[in-house]
Amino acid sequence: MDNDTLQHKMRELKTQFPALNQTVYGRPLVYLDNAATTQKPQRVIDSISEYYSKWNANIHRGAHYLANASTEKFEATRSALAEMLHANFREEIIFNQGSTDSVNMLSTILENEVEEGDEIWVTEMEHHSNFVPWQMLALKKKAHFRYIPMLPSGEWDLDYAKNEITDRAKIVAFNWVSNALGTVNPIEELIRLAKSAGAYVVVDGAQAVAHFDINVQTLNCDFFLFSAHKMYGPTGLGVLWGKKELLEKLPPYRYGGEMIKKVSVTGTTFNVLPFKYESGTPNIEAVIAFNESISFCKEVGRENMHAHEYFLLKTATERLKEIERMTVYADIPNKVGVLSFNVEDIHSADIGTLLDQQGIAVRTGHHCTQPLWEKLGTTGSVRASFACYNTVEDVELFIAALNKSVNMLR
Ligand SMILES: Cc1ncc(COP(=O)(O)O)c(C=O)c1O
């Protein structure tokens with residue numbers, strides 16, 4: 001599809017997102033905080049509302065019409081996810097509260113696999129949620145917590161990884177896309193490296209799922225996780241995919257209802273997958289509504305989304321670089337639509353506040369990646385992040401507001 005046709009096609013998407021059709025402080029809202037969370041299309045909002053108007057019942061255990069209907073809809077999302085990820089088995093899809101929940105679960109159920117002196121690897125650019133749980137596990141098990149350094153360009157030092165990751169590595173956990181910089185990481189190469197070292201491989205796909213098609217078979221990782229809210233879905237819902245033989249072998253995470261097979265005063269046995277890892281009443285309406293986000297992404301096409309966002313990124317980056325004393329981080333080709341920057345001698349929070357007053361929503365601060373900013377010699381940045389519904393006009397409004405803010409603060 002040529003760029004004009006693509007821009008035209010994507011422009012029409014905006015009308016499907018009611019939250020974007022409003023003014024803040026009397027200005028049209030320009031939402032550029034999509035790496036934090038995306039807005040939701042009307043069909044997702046309608047699905048949540050329909051669930052409570054029509055289908056509300058607890059799932060899996062009810063013997064009545066509503067319970068069966070809501071169970072069917074809930075499980076339909078699991079099937080759609082299995083298709084989206086190219087999973088071999090639908091029971092490899094585990095629902096939980098989010099990416100943070102998935103990493104906490106994995107760092108707990110993998111505990112017995114780690115022995116004193118083993119190595120647990122992350123990278124210097126991880127979101128804290130894919131960093132701290134592994135650091136704590138290493139501490140608990142007297143394992144070595146190691147990390148792949150980040151180069152000043154915002155890319156992994158893969159040579160370091162090639163030299164240092166050996167059969168002492170027990171777990172290697174890393175993100176596909178950096179939430180702070182937008183860098184798209186060479187995960188295929190790192191997965192190969194980590195697998196040949198015999199490690200468990202965990203891929204944090206939180207920032208990738210809205211931009212790239214995913215095939216867990218060809219990736220050949222052991223676990224892949226993401227949050228629904230970063231791909232136009234509801235908040236408080238996470239998806240963890242794991243290889244069936246591993247999820248069957250590893251211990252349960254949380255105990256309670258639904259995850260048991262038989263409970264008696266003499267002992268308890270546990271349910272089969274996926275229920276073994278889904279104790280308690282889940283976020284039913286979120287799971288059901290998430291099916292609409294999955295369809296939305298499939299219909300628009302992630303390739304189109306990425307190409308459009310990349311065009312916005314390039315346009316905005318060029319305009320940004322015209323501003324004096326500007327630092328654009330990770331100004332490299334292999335990126336998604338995340339633009340992280342600082343203006344010399346101006347605090348990122350001050351720029352964020354002035355942009356907000358002009359209707360432009362961005363994120364400022366460390367973006368939950370403090371080791372990354374330490375490496376780059378600062379404490380954080382202003383981050384503008386694009387989604388499929390953003391337009392060239394959004395970029396123009398953003399740049400105009402930024403110029404005005406910088407002039408006021410200088
Ligand atoms: C790369 C990455 N991993 C993990 C997370 C945590 O996601 P959640 O807050 O939905 O658990 C985020 C959220 O920003 C992220 O960007």
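**Terms and their grounds**

Reply: Y25 is located in the loop that joins β1 (23–24) to β2 (27–28), strands being DSSP runs of E with at least two residues and helices runs of H or I with at least four, numbered from the N terminus. This is a predicted model, in which local features need pLDDT of at least 70 and side-chain atom pairs count only at pLDDT 80 or more, while totals for chains, interfaces and linings use all residues. Residues are numbered from 1 along each chain as its sequence is written, and side-chain values use heavy atoms, with hydrogens and water left out.

Me: What is the phi of Y25, which is not a glycine?

Reply: The phi of Y25 is positive, at about 50°.

Me: Why are α12 and α14 called oblique to each other?

Reply: The axes of α12 (residues 348–357) and α14 (residues 392–409) cross at roughly 125° and come within 9 Å. Axes are lines fitted to C-alpha atoms, for helices over the stretch in contact, and angles run from 0 to 180 degrees between N-to-C directions. Angles under 35 degrees count as roughly parallel, over 145 as roughly antiparallel, 65 to 115 as roughly perpendicular and the rest as oblique. The pair α12 and α14 is therefore oblique.

Me: What makes up the contact of α12 with α14, by class?

Reply: From α12 come D350, I351, L354 and L355, and from α14 come F398, A401, L402, S405, M408 and L409; contact means heavy atoms within 4.5 Å. By class there are 8 nonpolar, 1 polar and 1 charged residues. Ala, Val, Leu, Ile, Met, Phe, Trp, Tyr, Cys and Pro count as nonpolar, Asp, Glu, Lys and Arg as charged, and the others, Gly among them, as polar.

Me: Why is α1 described as roughly perpendicular to α11?

Reply: The axes of α1 (residues 3–11) and α11 (residues 302–320) cross at roughly 105° and come within 10 Å. That angle makes α1 roughly perpendicular to α11. In this contact, N3, L6, Q7, K9 and M10 of α1 meet N304, M305, A307, H308 and F311 of α11.
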